[in-house]
Structure formats: C-alpha cells, structure tokens
Amino acid sequence: FPADWREYDGRAPRRRGQAEALDHLLGQVKTVHQHCICHEPCKNQPQSRKHSVSKSLKHLFHPGSKFLKTLKRGLYLTAIFYKDDNILVTHEDQIPVVEIDDTYSCLLMQDFLWFTKVSCMWDEILWLRQCVTVSQSSCSCILQTRFKMLLAISQMQGLLGIQDLGQVFFEPIKDKQGNILIVTLKEVKTNQTFESVRWVPICKLQTSRKSVSSPEEPSALDMLLISVQDKLAYHQRSSHALSPGLYLGYLKLCSAVDQIRVLVPERLPNILCHVKIRSNPNISREEWEWLQRMASVEEPVPTEPEAETSQNQLFQELQVAIKELMTLVNIPLQEAKDFRLYSQEVLDFGGQVSFLLLLPPSDDVCTAPGQNNPYTPRSGFLTLPLQIFELGEEG
C-alpha cells in the first residue's frame with residue numbers, strides 16, 4: 001500500500017518474524033534438553049519407576065489399554081472427530097474417552113489453559129513427556145497433573161493412530177458427580193483411516209444413546225452428546241476468515257476469580273465483535289495523522305474535517321460504523337460519546353484484514369465479577385477465556 005499508516009512512525013509489522021523466532025527458540029530448548037538427565041536411556045532408570053520413557057506410542061500401553069465406557073469422578077480427555085454428518089465412535093458406540101486423573105483436585109482453569117497450549121504441539125507430545133518425566137512421589141500436584149495430561153494425550157493418539165487431535169473446546173464439561181471432560185474437535189476432510197473406531201451418523205448416535213444419568217443431573221458424557229452439534233458448529237465457525245477490508249472492532253473484557261474472558265460474536269468466535277468499515281484494509285498516512293490529532297485533544301468527539309479529503313471520507317465511514325456497532329452490541333448510541341478509538345496502531349491480520357478498535361471508558365473495558373453481563377449465547381455472543389481467544393485468533 002502506498003503511504004500507509006506505518007510511515008507515520010516507521011513501525012514494522014508486529015508479526016514479522018515471530019513464527020521464525022518461535023521455531024528458533026524451540027530448537028534452542030531442544031538442543032539444551034538433549035543432554036538433560038530426563039533423556040537418559042530407559043535402562044539407566046530404576047526398575048521401580050512407575051512411568052518409563054518409551055520409544056514409541058505402542059510401548060505406552062499394556063494389551064488391555066482401551067477407551068473408557070463410563071466415568072468415575074475424575075478428569076478425562078475426549079476427542080470428537082467428524083466428517084460431514086458423521087462422528088467417530090468406538091465399537092461400543094461411545095465418543096473416544098481416556099482418563100487423565102481419577103483423583104483430580106488441582107486448579108482446573110490453570111491446568112486447562114496449559115493443556116490448550118500443549119494442543120499447539122501435538123507432534124511433540126513424546127518429547128514433552130520426556131521433559132516432564134520426574135519422580136511421581138516427589139513432584140507437585142500441578143506437575144503430576146500435567147504429566148498425566150501428556151500421558152492421556154499419548155494414549156488417545158496411540159488408540160486412534162493419529163497425532164493431531166484438533167482444537168480444544170473453549171471450556172471443559174463438568175457434571176455434579178465430579179467428572180470433568182476436556183474436549184478436542186477435529187474435522188476430517190480426507191479418507192483417513194483410524195484404529196479401534198468407526199463412523200456413525202450424529203443423529204443416530206444421539207437417538208440411540210443409553211443414558212445412565214437423570215435429566216435433572218446429567219453426566220458429563222450425556223451433556224457432551226446433547227450438545228455435540230453446538231460444539232461442532234462452534235468449531236466450524238472458529239475457522240472462518242473475514243473478507244478483505246477495514247473493520248471496527250469492539251474490545252470488551254469480563255474478569256472472574258481465575259481468568260479474564262473476551263466478548264466475541266457466536267457466529268465468528270475467533271474475532272472481536274465487529275462491523276466492516278470498507279473493503280480497502282489500508283489506512284493512509286494522512287488518515288492516520290488525522291486520527292492521531294483527534295486522539296490528542298481533550299474533546300472525545302472528533303470534529304468533521306472541512307475539506308473533501310481522505311480524512312473526511314474516513315470520518316463519514318467511522319460515524320456509520322460506530323452507529324452500526326453500537327446497535328450490534330446493544331449499547332445506547334448516546335453512551336458512545338465516552339468511548340475511545342485505540343490510536344496506538346492498526347491491527348493487521350495477514351495484510352488483507354485490518355482493525356481499528358473502539359474501547360469503552362477505561363473503567364468499563366473490563367467488567368468485574370458480580371457486575372451485570374448482558375451477553376450470553378442466547379444474545380448471540382460468547383465470552384471466551386483470553387488465552388483461548390489468542391490461540392484461535394484469525395483474520
């Protein structure tokens with residue numbers, strides 16, 4: 001783009017070189033760990049050790065290792081693979097489930113968010129297991145749980161015969177019996193073969209399921225089966241990309257005791273609530289200079305440029321977009337006079353999609369626990385844990 005906003009302060013693209021830097025950092029970590037004691041040959045480790053480092057996924061399991069049929073008050077991993085209107089199930093017509101920990105008592109959200117980060121490295125699970133292999137009698141509750149998570153992932157990968165378990169659903173499923181399910185979702189678009197499982201129509205699975213819980217207190221597995229189509233819809237929507245253009249996004253956060261959540265539209269949960277300003281994603285240097293001037297004055301409502309310039313055009317476009325965005329998120333237009341336009345940068349997603357951000361007053365950016373939150377799935381919105389949103393963010 002000629003004379004774009006970056007020329008105003010000579011700023012380089014935020015994401016330039018980030019993927020390469022992360023790959024380089026991971027390579028350095030692996031190099032250091034090659035000489036770590038955790039990578040010594042298994043023969044040098046005590047025979048009494050409960051968990052040994054295996055050379056392949058097949059060595060992880062004894063001959064009777066298999067998917068679970070029922071839950072018994074613990075933390076579990078379940079993988080939902082789907083193709084068209086079919087879902088992958090075991091020979092007992094169950095969604096594949098393996099146990100993580102049958103005595104789980106740690107901080108769920110902390111462990112869950114760690115698990116979501118691990119999901120970015122499905123191919124590196126064996127290496128991660130080697131790095132976390134420690135004496136189970138001496139390590140902390142957190143380290144034990146994370147080691148068990150890695151073991152469960154390896155078990156699921158081995159039983160299915162595939163490493164990539166897909167995207168982690170943004171919240172675990174919990175029932176009143178004390179069971180917790182971490183759910184991963186993956187769409188299969190090829191004729192890929194799996195082990196120990198088969199395809200069945202989703203509707204058939206739901207109608208033929210034999211519930212062992214009551215409607216008043218459904219088990220985690222029943223809750224999963226009841227809501228599986230909603231979860232598949234979420235997974236498909238979270239992979240959609242915006243069409244090229246400049247957008248106005250709304251940044252709204254909600255805090256809880258153990259996390260911060262971000263408001264997103266249910267129809268496109270991988271991006272902030274937004275409206276499209278125009279099809280051209282570029283902000284020119286002249287437009288950016290005008291936005292900087294408006295941000296530096298005390299009066300929050302910008303005055304309209306007098307001349308028929310690009311600044312004037314952007315002003316008109318912003319007026320329309322702000323009204324549309326306020327209607328979308330159900331905020332009275334008169335409250336917008338106290339809102340602010342984020343003026344530090346234009347958020348860029350791949351060069352074809354860019355965002356200006358509209359911010360509430362500083363005291364209202366993040367809703368505190370106990371305050372009224374009108375946004376629910378029924379209203380067309382979700383609040384995702386911030387880390388989940390960052391992992392799934394797409395333009």
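Which residues do ring pairs link into a cluster?

Modeller: Happy to. The cluster is made of Phe81, Phe194 and Trp199, linked by ring pairs. Before going in, please keep in mind that this is a predicted model, in which local features need pLDDT of at least 70, side-chain atom pairs count only at pLDDT 80 or more, and totals for chains, interfaces and linings use all residues. Residues are numbered from 1 along each chain as its sequence is written, and side-chain values use heavy atoms, with hydrogens and water left out.

Over the whole structure, a search finds 11 aromatic pairs. For Phe81 and Phe194, the ring centres are 5.3 Å apart and the planes stand at 65 degrees, so this pair is edge-to-face. Phe81 belongs to strand β1 (residues 75-83), while Phe194 sits in the loop between β6 (180-187) and β7 (197-201), so the pair links parts of the chain that are 113 residues apart. The cut-offs are these: rings of Phe, Tyr and Trp (its six-membered ring) pair if their centres lie within 6.5 Å, and planes under 30 degrees apart count as stacked, over 60 as edge-to-face and the rest as tilted. Helices (H or I, at least four residues) and strands (E, at least two) are DSSP runs numbered from the N terminus. Both Phe81 and Phe194 are buried, where buried means under 20% relative accessible area, exposed over 50% and partly exposed in between (1.4 Å probe, protein chains only).

From the rings we can move on to charged pairs. The structure holds 9 salt bridges, each a side-chain nitrogen of Lys or Arg within 4 Å of a carboxyl oxygen of Asp or Glu. In one of them, Arg198 meets Asp93 at 2.3 Å, N to O. Arg198 is in strand β7 and Asp93 in the loop between β2 (86-90) and β3 (97-101), 105 residues apart. Arg198 is partly exposed because its relative accessible area is 33%, and Asp93, at 35%, is partly exposed too.

Lys186 lies in β6, whereas Asp164 is in the loop between α4 (141-160) and β4 (167-168), 22 residues away. With 17% relative accessibility, Lys186 counts as buried, while Asp164, at 33%, is partly exposed.

A further salt bridge joins Arg261 and Glu171, at 4.0 Å, N to O. Arg261 lies in strand β10 and Glu171 in the loop between β4 and β5 (173-174), so the pair ties together parts that are 90 residues apart in sequence. Arg261 is buried because its relative accessibility is 15%, and Glu171 is partly exposed at 35%.

Strand β10 leads us to an open sheet of 4 strands, in the order β15-β9-β10-β16 and with mixed pairing. Strands pair if DSSP finds at least two bridges between them. β15 (366-367) and β16 (381-385) stand at the edges with a single partner strand each, so one side of each has no neighbour in the sheet. Between β10 (residues 260-265) and β16 there are 5 bridges, and the two strands run antiparallel. Along them, Val262 stands opposite Leu384 in β16.
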